[in-house]
Amino acid sequence: MIESRHPDRRVPAMLGALLLAIGGCGGDGDTGGASADTAPATGYEEQLRLALETVEPGGVITVPPGTHAFTRSLVLNVDGVTIRGAGMGESVLSFKGQVAGAEGLLVNAGDFTIEDLAIEDTVGDALKINGATNVVVRRVRTEWTNGPDTENGAYGIYPVQTENTLIEGSVAIGASDAGIYVGQSRNVIVRNNRAEHNVAGIEIENTVGADVFDNVARHNTGGILVFNMPDLPQAGHSTRLFRNDVSDNNTPNFGAPGSAVASVPAGSGVIINSNDRVEIFDNQIGGHKTANVLISSLFSAEYTSDRETASSFDPYPETIYLHGNTYGPGGEAPDRPALNELRVAVFGPDGRFPDIVWDGVVDPAKAPAGLEICIEDDATFLNIDAANGSANPSTDLARHRCQHPPLPAVSLALAG
């Protein structure tokens with residue numbers, strides 16, 4: 001196993017000058033600020049910092065149009081605040097000259113809304129929201145404007161340990177880990193977003209109850225990831241991925257060398273790792289050089305040495321249900337020597353990996369009933385038999401022609 005540079009994450013090797021108006025003593029009213037024409041960038045940086053420190057619950061901080069420079073991280077610790085710009089192409093917080101701090105904006109507060117602005121070129125994570133309840137991220141763009149680069153910050157939109165979270169209409173570009181990442185959270189909707197040129201486009205990790213739909217994930221290293229990792233406070237389950245466009249995620253991996261995300265194969269559409277009760281339906285998935293869908297256990301990298309993990313962590317993907325998906329071409333050039341060698345061995349030098357590739361590792365202590373990977377798609381399939389060193393890979397779909405009960409929709413008042 002490769003340790004992440006972020007202490008709360010690990011993955012196996014197989015597989016983130018302006019005018020200010022502040023809502024006064026609560027309510028929705030705004031109070032005026034300095035003119036964008038008269039306030040220099042450094043002066044405004046201090047005004048905004050002071051605003052975040054003194055805003056009262058229910059206050060609104062308004063960011064007007066313009067590109068506004070910051071040199072240090074911003075922090076909000078007050079509940080009930082809205083930060084609102086004029087549009088994610090209009091109100092831009094630029095951290096290109098950042099010299100201090102680990103994030104662009106760090107939020108440690110609930111009942112929080114941020115909308116209609118952009119956060120660019122942060123040293124670390126662009127927008128991190130920690131331990132909050134009732135979070136709305138709407139029409140927010142996070143971007144590293146130089147394109148994919150190992151030196152980019154890890155995460156774009158990054159809520160962790162949250163409850164009741166809505167991310168919608170947003171854009172994430174250039175994160176060296178995940179563009180949109182939701183971790184260790186509950187009751188989440190991620191909809192109508194676009195993630196491009198990140199290592200992982202959208203990632204749901206150790207989260208309970210997530211609906212991820214109507215998103216576009218293109219030109220990332222991996223499109224959409226649903227993971228469970230050990231040594232975290234909760235195990236994730238019950239994620240629905242539907243009506244997403246997951247296409248052409250073949251960007252070479254630019255994660256920091258030795259980091260967890262650096263192990264994600266370029267050319268991966270959807271990756272499910274060690275997670276249970278995942279329903280994948282009505283998506284368009286295609287154009288991935290490794291595979292359109294990868295399903296794996298924690299043991300897919302180091303099966304023998306990691307078996308002790310099973311005593312405290314369920315490392316097996318179980319109750320996975322794929323139906324109604326449409327697949328494009330893929331699998332012609334897997335981005336790992338071992339995977340490519342397996343492709344050639346099973347399908348010949350001109351062959352392709354199938355649409356759905358499963359490592360084939362199951363829990364020997366559990367009966368298969370109810371824990372199957374069920375596939376109703378018109379798709380090709382490969383069980384690579386990783387537990388036995390790929391001694392008997394199989395393309396037989398017969399035992400996977402089954403159904404699971406559909407998962408319930410996430411109920412989230414914030415989503416309307």
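Two strands count as paired if DSSP finds at least two bridges between them. Strands (E, at least two residues) and helices (H or I, at least four residues) are DSSP runs, numbered from the N terminus. Before you click, note that this is a predicted model, where local features need pLDDT of at least 70, side-chain atom pairs count only at pLDDT 80 or more, and totals for chains, interfaces and linings use all residues. Residues are numbered from 1 along each chain as its sequence is written, and side-chain values use heavy atoms, with hydrogens and water left out.

**Stop one: strand β13**

Select residues 133-143, which make up strand β13. Is this strand enclosed or open? Of its 11 residues, 8 are buried (under 20% relative accessible area; exposed is over 50%, partly exposed in between; 1.4 Å probe, protein chains only), so β13 is largely enclosed by the rest of the structure.

Strand β11 (residues 112-120) runs parallel to β13, joined to it by 8 bridges; look for glutamate 120 opposite glutamate 143. Next, show β15 (residues 163-168), parallel to β13 with 5 bridges. In β16, isoleucine 173 is the bridge partner of glutamate 143.

Show the side chains of arginine 139 and aspartate 116. They form a salt bridge (a side-chain nitrogen of Lys or Arg within 4 Å of a carboxyl oxygen of Asp or Glu), with the closest N and O atoms 2.6 Å apart. Arginine 139 sits in β13 and aspartate 116 in β11, so the pair ties together parts that are 23 residues apart in sequence. Arginine 139 is partly exposed at 36% relative accessible area, while aspartate 116 is buried at 14%.

**Stop three: helix α1**

Jump to residues 41-54, helix α1. What does arginine 49 form with glutamate 45? A salt bridge, with the closest N and O atoms 2.9 Å apart. The two residues are 4 apart in the helix, so about one helical turn separates them. Both are buried.

Zoom in on glutamate 196 and arginine 194, whose side chains meet in a salt bridge at 3.2 Å, N to O. Glutamate 196 is buried at 16%; arginine 194 is partly exposed at 33%. Finally, select Arg84, Glu115, Arg138, Glu168 and Arg191: salt bridges that share partners join them into one network. The structure holds 17 salt bridges.
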